[in-house]
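Have the structure open and follow along.

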Amino acid sequence: FVLVIARDTTHAAQLLALIESEAFFEGRYAGKAIQVDSTTKEDEVIERLLAVESAAEPTEIVIHVNMLKEGWDVTNLYTIVPLRAANARILIEQSIGRGLRLPYGKRTGVKPVDRLSIVAHDKFQEIVDEANRPDSVIRLEQVILEPEERQQHSQTVVATPNVLLQLGSATLEPTPAGAPAQLRPAPTLIPFQTTEEIRVAQLAYEVMHRHVRLPSSAALQETSVQERIINEVKAAYIPSAQPALPGIETAPPPDFAQIVQQVAQIVVQGSIDIPRIVVVPTGEVTTGFYPFHLDVSNVHFQPVDRELLIQTLRTNEQESLNTGGRIASEARLEDYLVRQLIDFPDISYDDEADLLYELAGEMVRHLESYLTNAEVKNVLIYYQRQLATLIHAQMQQHRWEKATGYEVRILQGFTPLKESAFTAVAGQPIQNVHTPPAERSRIRQLVFGHFQRCLYPYQKFDSDAERKLAVILERDAEKWFKPALGQFQIYYNIGLEQKEYQPDFVAETAKAIYLLEPKATNEMGNEEVLAKRDAAVTWCKHATNHALAHGGKRWQYVLIPHDAIAENMALAQLAEQYRCD
């Protein structure tokens, strides 16, 4: 039978009417098609859908929009007609997955029985490339789930900074309500006695983080700064107590000066000063691209003009069907690519014409090395957009930007710690960071605590090497934590993308502040790891200049291979051996 994917329910109804009419193969499929979507949830339609592979069921065409997900599994589907744009990768994968079921549960050796045919045009190469990726879902993959894993339930855990817990702004609740007491961490001591004092303390904390121009959190303890904070807190404070009745003693007003002083001390002791750094160009900014040679080693496009090319994804065998037809052509082969390249908004034809034709010429010469002249033209006609996108992507690696100058601006001398959220197995006890887990492969499912110097009550680790590093920090650092996304503004370029980088650990000692990144040994030379390293090193240089100018500490980026981390190692030793300058 045939599966037709419609644009929407109206389109599906129109298709059903057409297929069952006399105009469609002289009415041969009247009564043999069904529409399955949100408008046709009758029992009869569902019955026919579930029995579609039965010889007694006349249905040969199923029309749907986006409903056939779990609960409908068929093996006798050979043709899928997508009449809806497959802009999302998941839609392509789901559609292909519908046809990948083997009718006899195994390959028979008979090609028409074993093969799912995908008829494609401009997306053909993308589907082939996707299928050839080692992690592609189109490839067969065996996943074995142990019974106990399938029955585990997860929960979201929010790690709140200790500073907020001490101010009474949040409560520590990593386990479900009603969980046994042994699953709960120790409560955080709040130094304020009354509700009014807690309200004043929280107001003081909010005011302190509005003073973004302070060079460091230590400046919060200066007398002049505290006087400004006290005045702002008094202006914002509204007592919650009702007026006292005659003869009834009223509570004294909060001691604003003492509370502000306490909050300042909590902030200084409970945080690491992370400056907010931006680098902005000054004066006129110009951009362009350096000359370079294309990497065409992965370009193996084949001609498809006037024929449908059938490529078996499992074996990469190819067959073709002649279809005829004509397509207009350009006078010069390079023009197919150049006309696509100048559509990219960051390419100026007037400034880059010579480079564009040089790169287009390299691509044409590569195609000519394994195709005939006519075949080269075919490939350029059908795949000009994909080839231009490949060239544009490589151009980004050779992009330059020139400005009259660059200015480093410190927008904030310190930033508040962010909450960190992650998932964990529900009801799982908080693990002691000093105790290795029984099954280290499941360390990502565990939540660790029992910290003395961490700025959060609990953390989560991606590997046992990270847990070991946390043990070292508990011994050798004054304070440390694993930053949440957005805590730092460190950005790096990888390909066409600019991504945000958050180091795995931040640790402060008596002499320095470290950004620590444990990494698997076989990933130390990875392109993305090195891009993160370079961005972090530059950030540390700017942070160091700011900190030293205001009596602070030097910042240092440390990239550590996993197998170098042992609990008997000293932090100073690791930092010295694996620091990046």
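Counting cavities of 30 Å³ or more in this predicted model gives 2 of them.

From the holes, on to the packing. The largest nonpolar core has 64 residues, and the ones with the most contacts inside it are L516, W539 and W555. Which helix gives the most to this core? That's α15, running over residues 527–549, with 9 residues contributed. There's also a second, separate core, this one of 30 residues, and V296, L355, L359 and Y383 are among its members.

Now for the charges. The structure holds 18 salt bridges, and a few are worth a stop. Take R365 and E358, whose side chains meet with N and O 3.6 Å apart.

Next, find D462 and R444. They form a salt bridge in which the closest N and O atoms are 4.0 Å apart. D462 sits in the loop between β12 (448–449) and α14 (464–476), while R444 sits in the loop between β11 (431–432) and β12, so this pair ties together parts that are 18 residues apart in sequence. As for accessibility, D462 is partly exposed at 45%, whereas R444 counts as exposed at 54%.

The pair K519 and E517 has another setting. Their side chains meet in a salt bridge at 3.3 Å, N to O. Are these two buried or exposed? K519 counts as buried, with 14% relative accessibility, and E517 is buried as well, at 3%; the cut-off for buried is under 20%.

Some charged residues go beyond simple pairs. R440, D464, R467 and E567 are linked in a network of salt bridges.

While you're in this part of the sequence, have a look at E466. This residue is in helix α14, and at 3% relative accessibility it counts as buried. What does E466 touch, once you set aside residues up to four places away in sequence? The list is K460, F461, K482, D504, F505 and P518. So this buried glutamate has lysines, phenylalanines, an aspartate and a proline among its contacts.

Last stop: the backbone. Two residues have a positive phi without being glycine. One is E26, with phi near 55°. You'll find E26 in the loop between α1 (9–19) and β2 (33–36), where the residue is exposed, with a relative accessible area of 60%. The other is H450, with phi of about 60°. H450 is placed in the loop between β12 and α14, which is also the loop that holds D462. At 49% relative accessibility, H450 counts as partly exposed.

Methods: Residues are numbered from 1 along each chain as its sequence is written. This is a predicted model: local features need pLDDT of at least 70, side-chain atom pairs count only at pLDDT 80 or more; totals for chains, interfaces and linings use all residues. Side-chain values use heavy atoms; hydrogens and water are left out. On a 1 Å grid over the protein atoms alone, a cavity is a set of points where a 1.4 Å probe fits but cannot get out, and a pocket is an open set with protein on both sides within 12 Å along at least five of seven lines; lining residues have an atom within 4 Å of a point. Grid points are joined across faces, edges and corners, and a volume is the space filled by probe spheres set on the points. Helices (H or I, at least four residues) and strands (E, at least two) are DSSP runs, numbered from the N terminus. Buried means under 20% relative accessible area, exposed over 50%, partly exposed in between (1.4 Å probe, protein chains only). Contact means heavy atoms within 4.5 Å. A nonpolar core is a set of buried Ala, Val, Leu, Ile, Met, Phe, Trp, Tyr and Cys residues joined through side-chain atoms within 4.5 Å.
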